[in-house]
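Subject: Handover of a structure and the findings from it

Dear colleague,

Please find the sequence and the structure below. The findings follow directly after, grouped by topic.

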Amino acid sequence: MLSNYLKIALRSLLRQKGFSAINIIGLALGISVCALITLYVLDELSFDTFFANADRIYRIEGDVKFQGQQYNIAVVPDPLGPQMKREIPEVGEYTRFRVNGAWNFRNGNAVFREANVAYADSTFFRVFSLKVLQGSGEEALRTEHGIVITESLAKKYFGNENPIGKQLVGDNDKTYTVGAVMENLPKNVHLPFSVLIAMRDIGDSRQNNWLGNNFQTYILLKPGTNPNIIDEKLKTMVKTYIVPAFAKEVKTTYEEFLKAGNHYKYPLMPLTKIHLYSGAKIGELSPNGNIQYVWVFSAVAVCVLLIACVNFMNLATARASNRAKEVGIRKTLGSQRLQLVWQFLMESGIMVAAALVLAFCCIEIFLPSFNALSGKELSRSMIHTPFFAALFGALFLVVSLLAGMYPALVLSGYQPVKVLKGDKSSGSRNNTLRSTLVVVQFTASVALIIGTLIIYQQLNFIQTKQLGYKREQIVMVQDPDTRITETTHRYKQEVMRLAGVKNATVTNYLPTGGDRNNNLTFIGNQQENGQVTQQWRVDADFIPTFSMQIIKGRNFEAANISDSMNVVINETFANRLFAGQDPIGKFITTSNMSNNLKTFTVIGVVKDFHFESLRNNINPLILFFGHTMGATSVQFDASQTSSVLASLESTWKKLYPNKPFEYQFADDAFANAYRAEQRTGSILAVFTSVAILVACLGLFGLAAYTAEQRTKEIGIRKVLGASATSIIGLLSKDFLKLVGIAIVLATPLAYWGMGAWLQDFAYKTELSWWIFALSGAGAVGIAFMTVAGQALRAAQANPVQSLRSE
């Protein structure tokens with residue numbers, strides 16, 4: 001019996017090759033999109049689950065509100081971790097990082113630049129369960145000038161030699177001894193380090209300062225500990241250690257501090273939630289994901305798969321009338337309904353199996369492109385796992401039943417007497433369900449179109465917004481040294497003489513990203529009215545290099561020694577601390593990026609420029625004058641780009657013959673800050689196109705079904721003189737009504753969803769009406785073209801053929 005079912009099923013599918021191909025392709029698209037998004041979602045959800053005891057590891061974060069400013073930070077004071085270990089018995093261990101950015105390491109004459117270097121406590125390997133392949137990681141991080149490197153770095157520096165005991169020279173000319181080699185960190189962890197340096201080497205920067213938030217601090221709780229207990233005990237520690245230090249700084253009591261609407265908290269963030277729930281806090285170790293995008297992509301995957309299943313039902317039902325007589329004859333000859341159901345389910349199963357095979361091939365082919373689009377490194381081996389075997393097996397069963405059961409029941413439910421008399425409508429009157437499914441399909445499609453357009457509009461807004469500085473025609477040559485050296489500034493002077501170079505500045509405090517430093521600042525000695533401000537150290541060429549605008553006073557002067565006690569502030573600072581007053585000549589008191597309070601004179605006000613993401617408002621900023629380490633930012637003539645880059649490199653090699661020449665354009669650095677949104681927009685655009693394509697296949701199937709059901713009516717209308725245009729309109733209007741209903745449903749849904757997404761940006765585009773109108777018009781146009789093809793075919797058919805049997 002099964003062989004008979006299989007033979008008839010294959011014969012039926014081969015007889016209708018076009019219909020079978022459309023059905024299989026539609027399902028394959030839905031399954032492959034669902035599988036690719038599943039890979040993406042699983043990768044996002046798996047972040048930091050690599051570590052043993054990941055469920056007991058927490059990061060201590062900062063939640064500070066002061067004078068109306070909210071600061072969410074991923075760094076805390078140096079002494080907090082050790083003090084928690086001493087005072088809170090539930091804390092099993094702690095470890096801290098102090099990010100040191102990029103370093104050059106020299107091994108003989110070979111120089112390598114490592115982008116992810118950090119100081120770490122010797123307890124690192126007690127908290128994070130990374131394998132130490134050689135040496136002792138704990139001992140290396142306890143020893144002065146000891147370092148731990150990854151396995152890949154060990155091979156890069158020392159080949160097949162034993163790296164333990166080997167020495168590397170850092171930017172600071174210190175010689176570091178390799179004490180351990182650890183396994184390479186997987187891609188799905190938020191720790192980006194390739195080199196760890198013993199914390200004791202941090203030197204003067206490591207201070208017992210309860211107000212300096214500079215250390216990423218993690219704790220490992222003892223088994224069975226409720227993290228809420230730690231939260232309560234942290235509140236006590238804030239009152240014990242933070243409040244006295246803060247009160248001394250701002251000359252206020254803790255009660256007055258709270259009464260003014262301020263707060264100072266240190267909440268716990270579970271390790272496994274950092275990547276998706278932490279956001280873009282100050283001091284993050286690496287760019288984070290967003291749980292909203294995970295939900296959005298998951299919803300898209302489910303929608304596309306459901307649309308594909310719906311299309312299967314619509315297309316199968318649309319072709320039902322072609323087999324009506326077959327069903328009638330079989331039932332007349334004694335076939336039971338269950339037997340017919342099994343036969344049609346067999347056909348459904350064959351097509352689903354073929355779609356799964358095609359989907360698997362599509363995943364194999366398009367996975368590299370999807371990786372490039374999403375910025376992931378998903379492996380094909382992830383598909384060849386028991387999980388995906390079970391997923392594909394479940395998809396086969398579920399899709400076969402969902403997509404095959406409805407048409408099987410409809411076809412097997414035909415009444416043979418009516419069917420053999422030529423009445424093909426029996427058993428297929430459930431137009432409401434099919435219409436509802438079309439509305440659902442196009443509601444999802446229109447919402448996706450609107451969402452994609454708004455994301456691209458926001459990205460265009462970001463790219464074209466006046467930022468208060470010029471990012472075009474600026475190249476940033478990476479700092480060759482982590483110290484302030486005369487060589488760095490000599491390089492700048494040499495660069496300034498090059499043809500095509502307009503200006504240059506040396507600093508690591510850049511509007512496109514780099515170092516950030518927050519400190520309290522007061523007007524004069526009014527410590528009770530302090531503000532947390534960004535504080536940057538720059539030279540006299542910083543403002544002109546980035547084409548910033550001084551709106552009051554003057555800029556720094558390189559030859560003016562007294563400018564070391566002067567500052568330039570931004571508009572936001574002037575408005576908040578000198579509301580309504582002229583700030584020029586006024587005095588401010590601040591720590592000047594140290595622990596000692598000093599008084600400075602305001603000599604200028606620079607027009608506000610964006611130095612953080614457009615998700616955030618512009619905060620108060622102070623520019624201090626002085627030499628500093630950092631990148632050399634060069635403003636150049638766009639017509640001489642190639643020659644300028646060549647000259648920059650040749651000049652570099654004269655001064656730093658053993659160090660690699662690395663540079664980045666400022667506009668590229670700016671774009672990197674919004675890479676997640678760009679990738680999201682690109683992925684949504686692709687998936688939206690697939691969703692529309694699959695939805696159109698469903699509409700095509702329903703149009704084909706309707707045309708076949710109304711063949712006699714169309715023939716009579718043509719005999720009575722109806723034109724092809726009127727017939728096209730007749731068949732199209734019902735479908736366009738369904739699309740219109742979908743637009744009405746999708747518009748408020750998309751408005752709400754994208755409005756919520758835009759709330760993450762302090763500076764955002766407007767939800768313009770034309771986006772919704774364009775999306776609706778596009779959906780109507782696509783639907784009309786899909787339906788019109790079938791309508792035109794029906795309108796051009798010879799009425800004699802359709803009426804001959806009547």
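The mean pLDDT of the protein chain is 83, and 86% of its residues reach 70 or more. Please note that this is a predicted model. Among the elements of the chain, strand E1 (residues 57-60) has the highest mean pLDDT, 96, whereas helix H14 (residues 416-420) has the lowest, 61. Where pLDDT is low, the predicted coordinates should not be read in detail.

The three-stranded sheet

Three strands make up an open sheet with the order E3-E2-E13, and their pairing is antiparallel. Strand E3 (69-73) and strand E13 (263-265) are the edge strands, each pairing on one side only. From one strand to the next, the twist averages 10°.

Strand E2 (residues 62-66) is joined to E13 by three bridges, and to E3 by five bridges; E2 runs antiparallel to E13 and likewise to E3. Asp63 illustrates both pairings: its bridge partner in E13 is Lys265, and its bridge partner in E3 is Asn72. Four of the five residues of E2 are buried, so this strand is largely enclosed by the rest of the structure. The hairpin of E2 and E3 has two residues between the strands, and in this hairpin Gln67 takes a positive phi near 55°.

The four-stranded sheet

A further open sheet consists of four strands in the order E16-E24-E15-E25, again with antiparallel pairing. Its edge strands are E16 (501-507) and E25 (663-665), each of which pairs on one side only. The twist here averages 20° from one strand to the next. Strand E15 (residues 474-477) and strand E24 (residues 631-636) run antiparallel and are joined by four bridges. Met476 has Ser633 as its bridge partner in E24.

Aromatic contacts

How many aromatic pairs does a search of the whole structure find? The search returns 41 aromatic pairs. One of them is formed by Phe112 and Tyr157, which are arranged edge-to-face, at 4.8 Å centre to centre and with 80° between the planes. Phe112 belongs to strand E6 (residues 110-120) and Tyr157 to helix H6 (residues 151-158), so the pair ties together parts that are 45 residues apart in sequence. The cut-off for buried is under 20% relative accessible area.

Trp536 and Phe542 form another pair: the ring centres are 6.2 Å apart and the planes are at 85°, so the arrangement is edge-to-face. Both Trp536 and Phe542 are buried.

One aromatic cluster is formed by Phe50, Phe51, Phe97, Phe124, Phe125, Phe128, Phe193 and Tyr218.

Arginine over aromatic rings

Two arrangements of an arginine over a ring may be of interest for your work. Arg98 lies over the face of Phe215, at 5.2 Å from the ring centre. Arg471 is placed over the face of Phe670, at 4.1 Å from the ring centre.

Cysteines

What is the number of disulfides that the structure holds? The structure holds zero disulfides. Cys362 is accordingly in no disulfide, and the nearest cysteine sulfur, that of Cys361, is 7.0 Å away. Cys362 has a relative accessible area of 17%, so this residue is buried. Cys34 also counts as buried, because its relative accessibility is 12%.

In brief, the points to take from this handover are the antiparallel sheets E3-E2-E13 and E16-E24-E15-E25, the 41 aromatic pairs, and zero disulfides.

A colleague

Technical notes:
Residues are numbered from 1 along each chain as its sequence is written. This is a predicted model: local features need pLDDT of at least 70, side-chain atom pairs count only at pLDDT 80 or more; totals for chains, interfaces and linings use all residues. Side-chain values use heavy atoms; hydrogens and water are left out. Two strands pair if DSSP finds at least two bridges between them. Axes are lines fitted to C-alpha atoms, for helices over the stretch in contact, and angles run from 0 to 180 degrees between N-to-C directions. Buried means under 20% relative accessible area, exposed over 50%, partly exposed in between (1.4 Å probe, protein chains only). Rings of Phe, Tyr and Trp (its six-membered ring) pair if their centres lie within 6.5 Å; planes under 30 degrees apart count as stacked, over 60 as edge-to-face and the rest as tilted. A charge sits over a ring if NZ of Lys or CZ of Arg is within 6 Å of the ring centre and within 35 degrees of the ring normal. pLDDT is the predictor's confidence in each residue, from 0 to 100. A disulfide is a pair of cysteine sulfur atoms within 2.5 Å.
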